[in-house]
Amino acid sequence: MAYPAPLEALVEAFQRFPGIGRRSAERLAFHVLRDPAARELATAIRRAVEEARRCSRCFNVTEEDPCPICADETRDESVICVVEEPRHVEAL
């Protein structure tokens with residue numbers, strides 16, 4: 001059974017995420033169609049792509065450049081912390 005083109009495109013888009021196979025992508029796509037609250041996903045993705053950027057100093061994900069950490073005048077710039085992924089900064 002073939003899905004309508006817009007649904008198939010949504011399934012294929014979900015499949016591009018790491019760890020998401022065809023079956024999981026189908027479940028996610030049908031969830032988006034079934035649950036009105038899940039439709040906010042499109043807005044959240046659009047906002048993240050349009051408003052989030054990398055800090056020009058530390059390359060952390062931020063809404064402003066420089067990021068709040070780099071812009072903090074009380075920060076000791078002689079000390080650095082190296083993390084693997086920007087999401088690890090939140091743990092600090």
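The lining of the second largest pocket comprises nine nonpolar, no polar and two charged residues (Ala, Val, Leu, Ile, Met, Phe, Trp, Tyr, Cys and Pro count as nonpolar, Asp, Glu, Lys and Arg as charged, and the others, Gly among them, as polar). The model is predicted: local features need pLDDT of at least 70, side-chain atom pairs count only at pLDDT 80 or more, and totals for chains, interfaces and linings use all residues. Residues are numbered from 1 along each chain as its sequence is written, and side-chain values use heavy atoms, with hydrogens and water left out.

A pocket is an open set of points on a 1 Å grid over the protein atoms alone, with protein on both sides within 12 Å along at least five of seven lines; lining residues have an atom within 4 Å of a point. Volume is the space filled by probe spheres set on the points, which are joined across faces, edges and corners. The second largest pocket has a volume of about 170 Å³. Its lining includes Leu10, Phe14, Leu41 and Ile45. Helix α3 gives the most to this lining of the second largest pocket, with four residues (helices are DSSP runs of H or I, at least four residues, and strands are runs of E, at least two, numbered from the N terminus).

Leucine 41 lies in helix α3, residues 40–51. Leucine 41 is partly exposed, with a relative accessible area of 37% (buried means under 20%, exposed over 50%, partly exposed in between, with a 1.4 Å probe and protein chains only).

The largest pocket has a volume of about 540 Å³. Of its 22 lining residues, Cys58, Asn60, Ile69, Cys81 and Val89 are the closest to the centre.

Definitions and conventions. On a 1 Å grid over the protein atoms alone, a cavity is a set of points where a 1.4 Å probe fits but cannot get out, and a pocket is an open set with protein on both sides within 12 Å along at least five of seven lines; lining residues have an atom within 4 Å of a point.
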